[in-house]
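I opened this entry to keep track of what I looked up, chain by chain and contact by contact. The notes follow the order in which I went through the model.

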Amino acid sequence: MNHIPVLIILFPLCGAVLCPLISFLNPAWGKRAVVGTLFASFALSVIQLAGIVQTGEPVHYWMGGWAPPYGIEFVIDGVNGIIIVLVAFIGAFTSLFSSPFEEANPNHRFKSAGYYSILCFLVIGLLGLSSTGDAFNLYVFMEIVALSGYGLIAIGEEKGPIAAFRYLLTGTIGACMYLMGVGFLYSATGTLNMADLAIKLKEIDNTHIIILAMACMIVGFGIKMALFPLHGWQPPAHSYAHPAADPMIAGVMIKIPAYGMMRFFFCIFEETHPAAEVVFNIIGVMAVCGILFGSLKALRYDKYNKILAYSSIGQVGYIALGISLGNFYGLVGAVLHILSHAFMKTGLFYTSAALKYKFGIHYTDELGQIYRKMPVTGTAMVALSLSMIGLPPFAGFFSKWYLALGAIQNGQYFYVAVLIVSSLLSAIYFFRIFERLFMGEEKQLEDHYPAAEHGRKEVPLRMIIPVVIAAVMVVLLGLGNTFIVNNVLEITVMEVFLG
Amino acid sequence: MDKVKITGVIVIIAGVILAGFILGDFLPTVGDATSSANSYLSPYYIEHALHDTEAPNLVTAVLADYRGFDTLFETCVMFLAGVTALMVLLSKRKIVKGQRNPSDTNGISFSGTVLDTAFRVLIPVILIYAFYVLAHGEISLGGGFQAGALLAIAYMIDRLIPSFQNRLGFFTEETAAMTAGVGVFIYIFTGILPMFNGGNFLEYGKLPFEFAVEAAVMLHPVGIFLIELGVTVCVMATIINILEVVLERTKFDD
């Protein structure tokens, strides 16, 4: 049982590398191998989280049996335990969701196998990114995430390759900046283990190099999480990516670097460092600009995916705002927002992909009366959008609530005003979608998945289940937020980030 | 706005940053034994690597043993690159078979007496050298990545020179991607084996081959060789995969 941290990664890894071989032998089973291993890894991650919550102790796993700092270790505490469950959960359901898009085709055996392999690697990279306790190992996983991201964006819609190339250029700069930051830290301390770095950094008096490293980390993680002035790659990438993989890319891929940033600024750099205050202010300014910019820009577009992509820039701003507040409520809000926004955005992109799958809908003016034809998708869309606006009892409200509490505790009432303004702006753009949905005229659309043939009014069951689950999770997270905060986050955030 | 001005600004910014690095004295001098980068982990590796891993070469000891988990994912990056290249170009039209050999259609070819004779001799030498690099991996610098590249070069020569008629040609783009996956799996499997024997992932000292060696530390070279083998297969297949993907969709007459 003590192998769980690495088994969570090894199961899907075996699935991903053997998927092409299995598909060659039997086209249907390659896909099943990936979906099966991802669900296995989800089950293991839940067991792991339960164990951590019970014992209250972080789990350490030494790769190759080498003790840190000489070898690589995985460290799973309460916070990243939750995030691993989140990634595995959404990864497993996204792989299930993709199967109608990538039906096994005996003439093109590799097409579905390659897609599943890349998607599985994206999940592996994100899992590794959140579990590792080694700064260089984090870079390696960052590369895996980025590479699979480029692939999934490039095989998307017609403009996909251009969006992927743009992301490739920007993403490489981001990864280089992170690596440079790690290089500075290594030159100052001589170690790569995160826990060890934190101890060593307390001793050194060369503050210039720490400031340089912090600046590199902000740019590196900022590019990866699409924080405001570094967000250029994100809207085209999220709009043109492979529709079935888009939920993973938009929902989770930009959140895990945000968690990495939290880990660096609260676990490794001291938050009492003289430079830290400036750094947090810079992140705060970036976050506020991002929140307002994303919300305003989302008003401009009629393309469903573009609206969602720009709203993501705003939502990532909320997480950065929580980081910049740096107090207990701010960090709880940030972690909670990582969770709730992951489910909201993933769910909304599920609905977007479902609309594309059944009717080929890309623009909001084609949405008229669509809820009559696709009742489940329509309901999920409304619930998830209301959560994005931040109405109780959905999850989006509570994470914003904690962020507002954090801002009030710090006396930064400006941030509270920004939160309210951006919520109103997001209400405007989501109500524009609702208007089209409920009051628009019904369009004659070609049905790619006719009810007469398949005996089902909606999209296939493999797509409905993830959509429904995302909507249900948003409600559950909203209703159960006090449980999560009191039983898991309150203890672990204090211990991990502020201890 | 003219490009000259923008370029000038960029050059000035880069110059200021560079000057800052040189004057600011942020980074330790190369080879400074007292700097913190060289006085914490490095002495440990220098003193213990041979004793811990039986690998005479420190680079190999760190790369394949202490930080073998990183190398696993570097190998995955190779596999992923091949699969992604294949997936991105899969939608492009394939050149009809029979036309794909450039010498058949338009007379432009890489063949010639010199090429034929020279490379006929070279291929076996390259292959022998590749296996030498692979088998010698944990003793000298090098190992899996280089051996894989050499094997792929031998295959490439055979594939590109028409008069060789691609005799080694058992790879298509898809089988090459599969083989790359199998290569990574060899690596993973080497790591998983110790887990059945009470060790951690990639703990070569706990590989279940105790009967063959006198001391547990002697299992480290076995483990390193096995993972290098996986890396070799993966790298070779990935290079061939990308080559095949491009060759199948490119005409040489442009």
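**Entry 1: domains of chain A**

I began with the two domains of chain A, whose centres, taken over C-alpha atoms, are separated by 21 Å. I note here that the model is a predicted one. The assignment places domain 1 of chain A at 1–133 and domain 2 of chain A at 134–496.

I then looked up the contact between the two. Domain 1 of chain A puts 36 residues into it, and domain 2 of chain A puts in 47 residues. On the domain 1 side, helix 3 (78–98) and helix 4 (109–131) of chain A are the elements that give two or more residues. Helix 3 of chain A gives the most, with 14 residues. I sorted that side of domain 1 of chain A by class and got 23 nonpolar, 11 polar and two charged residues.

**Entry 2**

I picked V53(A), which sits in helix 2 (residues 27–55) of chain A. With neighbours within four places in sequence left aside, V53(A) is in contact with G78(A) and V488(A). I also checked V53(A) against S426(A), 373 residues apart along the chain, and found their C-alpha atoms separated by 35 Å.

My other pick was S385(A), in helix 16 (residues 375–389) of chain A. S385(A) counts as buried because 26 C-beta neighbours lie inside 10 Å. Not counting residues up to four places away in sequence, S385(A) touches F430(A) and I433(A). For S385(A) and F431(A), 46 residues apart along the chain, I read a C-alpha separation of 8.7 Å.

**Entry 3: chain B as a whole**

I moved to chain B and listed its elements. Chain B has 10 helices and zero strands, and from the N terminus on the order is α-α-α-α-α-α-α-α-α-α. I found that 39% of the 254 residues of chain B count as buried. I took the contacts in chain B with a separation of 6 or more, and 68% of these are between residues 24 or more positions apart.

**Entry 4: helix pairs in chain B**

Two packed helices are described by the angle between their axes and the distance between the axes. I looked up two pairs on that basis.

The crossing of helix 7 of chain B past helix 8 of chain B is left-handed. From helix 7 of chain B, the residues in the contact include F119(B), I123(B), I126(B) and Y129(B). From helix 8 of chain B, they include A147(B), L150(B), I153(B) and D158(B). By class I have 14 nonpolar, two polar and one charged residues in the contact of helix 7 with helix 8 of chain B.

How do helix 5 and helix 9 of chain B pack, and at what angle? The angle is about 165°, with the axes of helix 5 and helix 9 of chain B 10 Å apart. Angles over 145 degrees count as roughly antiparallel, so helix 5 of chain B is roughly antiparallel to helix 9 of chain B. Helix 5 of chain B passes helix 9 of chain B in a left-handed crossing. In helix 5 of chain B, the contacting residues include L72(B), C76(B), F79(B) and V83(B). Their counterparts in helix 9 of chain B include A177(B), A180(B), V184(B) and Y187(B).

**Entry 5: chain A against chain B**

Last, I looked up the contact between the chains, which takes 49 residues from chain A and 46 residues from chain B. Which elements of chain B supply at least two residues each to the side that touches chain A? I listed helix 2 (36–39), helix 3 (41–53), helix 4 (58–66), helix 5 (68–90) and helix 9 (173–192) of chain B. Helix 5 of chain B has the largest share of that side, 16 residues. The side of chain B that touches chain A divides into 30 nonpolar, 10 polar and six charged residues.

Methods:
Residues numbered from 1 in each chain as written. Chains lettered and ligands numbered in written order. Predicted model: local features only at pLDDT ≥ 70, side-chain atom pairs only at ≥ 80, totals over all residues. Contact = placed C-beta atoms within 7 Å. Helix = DSSP H or I, 4+ residues; strand = E, 2+ residues; numbered from the N terminus. Nonpolar A, V, L, I, M, F, W, Y, C, P; charged D, E, K, R; others polar. Domains from an automatic or database assignment. Left-handed = near helix turned anticlockwise from the far one by under 90°. Axes fitted to C-alpha atoms, helices over the stretch in contact; angles between N-to-C directions. Parallel < 35°, antiparallel > 145°, perpendicular 65-115°, else oblique. Buried ≥ 20, exposed ≤ 12 C-beta atoms within 10 Å, placed from the backbone.
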